[in-house]
Amino acid sequence: MPIRYHPTDFNARDYKKEVMGELTNKRELNALFLIHGYIEAYLFDLLFYSGRGFLDKDSISEKVKKDVQRLGFEAFLKIHLILNNIDKKLYDDCAEFNSSRNDFAHKIITINIQDEETRNGIIKSVKDGLGICKRVLRIYEKAVKKKSETIAKSRFILGKSKLGQAKLG
Amino acid sequence: MVGVTDKMVCKKNCKCNEEKATSKTLKKPKRQDLDMAKEKYIYAFDPSIKKRVVFVVRNGVAVSLVTGRRFRYRPRR
């Protein structure tokens, strides 16, 4: 009986289609928060594929996971910059986009969303975000592929060695 | 030709030497190349760290990129 973990396809989510859908329906703020969410999710998840080797439940407890997630967008950016996962240009662009998003989010009850100038400002931020997300996703996919190549070379996972057989759970 | 004996000529023109040379130079495709061609990526729950992560699927087996945990994967039709 195969074990089921409710899997979904890696390419099932299309951030561009979803964000453009929100813009088309004149939900600019939704589009902004959505693209920001995608970028943050990719940056957080990228942490798990950046290291060498494999993690186990002792090194990545529930508390560690929650504490890391709580760090937030800016901290993720700094970590990836130090790890050399992203370059300074991307770091600066992400930081600027995050600042713009926070601006709109924190002033949400004071801004006039019906105002043409405000809407255009949000649309511009969304378009910047789409470009940033494309670059972040490229780095994310590269990290995933690199980790996958490591597994392909690993004799433990292929179960070729006796030690590998003992390690497999 | 000076220095060339019958034995040397025979070895040079003999077909069995060609066959030997072919079998030595024939390269088998690397396992890595075969594996990479059949892989697919999915998101699935990894119970080791209680998080949905990327799994690479090869030959019906999904392997977590984070913990190395694996399970048999059969896509829904």
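Reader: What pLDDT does chain A average?
Author: This is a predicted model, in which local features need pLDDT of at least 70, side-chain atom pairs count only at pLDDT 80 or more, and totals for chains, interfaces and linings use all residues; side-chain values use heavy atoms, with hydrogens and water left out. Residues are numbered from 1 along each chain as its sequence is written, while chains are lettered from A and ligands numbered from 1 in the order in which they are written. pLDDT is the predictor's confidence in each residue, from 0 to 100. In chain A, 88% of the residues score at least 70, and the average is 86.

Reader: Over which residues of chain A does pLDDT stay under 50?
Author: Where pLDDT is low, the predicted coordinates should not be read in detail. The stretch in question has 18 contacts beyond four places in sequence in the model, a contact being heavy atoms within 4.5 Å. In chain A, pLDDT stays under 50 over residues 157–169.

Reader: What pLDDT does chain B average?
Author: In chain B, pLDDT stays under 50 over residues 17–23, where the model has one contact beyond four places in sequence. Residues 31–36 of chain B are also below 50, with eight contacts beyond near neighbours in sequence. Of the residues in chain B, 48% score at least 70, and the average is 69.

Reader: What ipTM does the model score?
Author: Two scores are given for the model as a whole. The pTM is 0.75 and the ipTM is 0.79.

Reader: In what order do the elements of chain A run?
Author: Helices (H or I, at least four residues) and strands (E, at least two) are DSSP runs, numbered from the N terminus. Chain A has eight helices and one strand. From the N terminus on, the order is β-α-α-α-α-α-α-α-α.

Reader: Which residues of chain B is A:Tyr49 in contact with, leaving aside neighbours within four places in sequence?
Author: A:Tyr49 is among the core residues with the most contacts inside the core. Within chain A, A:Tyr49 touches A:Tyr140, A:Ala143, A:Val144 and A:Lys147. In chain B, the contacts are B:Val53, B:Val54, B:Leu65 and B:Val66.

Reader: Is A:Ile132 buried or exposed?
Author: A:Ile132 is found in helix H6 of chain A. Beyond four places in sequence, A:Ile132 is in contact with A:Ile39, A:Leu90, A:Asp93, A:Cys94 and A:Phe97. Because its relative accessibility is 5%, A:Ile132 counts as buried.

Reader: What is the order of strands in the open sheet of five strands?
Author: Two strands pair if DSSP finds at least two bridges between them. Two bridges join E1(A) to E1(B), four join E2(B) to E3(B), and three join E3(B) to E4(B). The edge strands, each pairing on one side only, are E1 (8–9) of chain A and E4 of chain B. With antiparallel pairing, the order is E1(A)-E1(B)-E2(B)-E3(B)-E4(B).

Reader: Which residue takes a positive phi in the hairpin of E3(B) and E4(B)?
Author: Across the pairing of these strands, B:Ala62 stands opposite B:Phe71 in E4(B). The hairpin of E2(B) and E3(B), with two residues between the strands, has a positive phi near 55 degrees at B:Asn59. In the hairpin of E3(B) and E4(B), five residues lie between the strands, and the positive phi, near 85 degrees, belongs to B:Gly68.

Reader: What area is buried between chain B and chain A?
Author: Buried area is the accessible area (1.4 Å probe) that two parts lose on being put together, summed over both. In contact are 33 residues of chain B and 35 residues of chain A. Carbon and sulfur atoms give 59% of the buried area, which is about 3100 Å².

Notes:
A nonpolar core is a set of buried Ala, Val, Leu, Ile, Met, Phe, Trp, Tyr and Cys residues joined through side-chain atoms within 4.5 Å. Buried means under 20% relative accessible area, exposed over 50%, partly exposed in between (1.4 Å probe, protein chains only).
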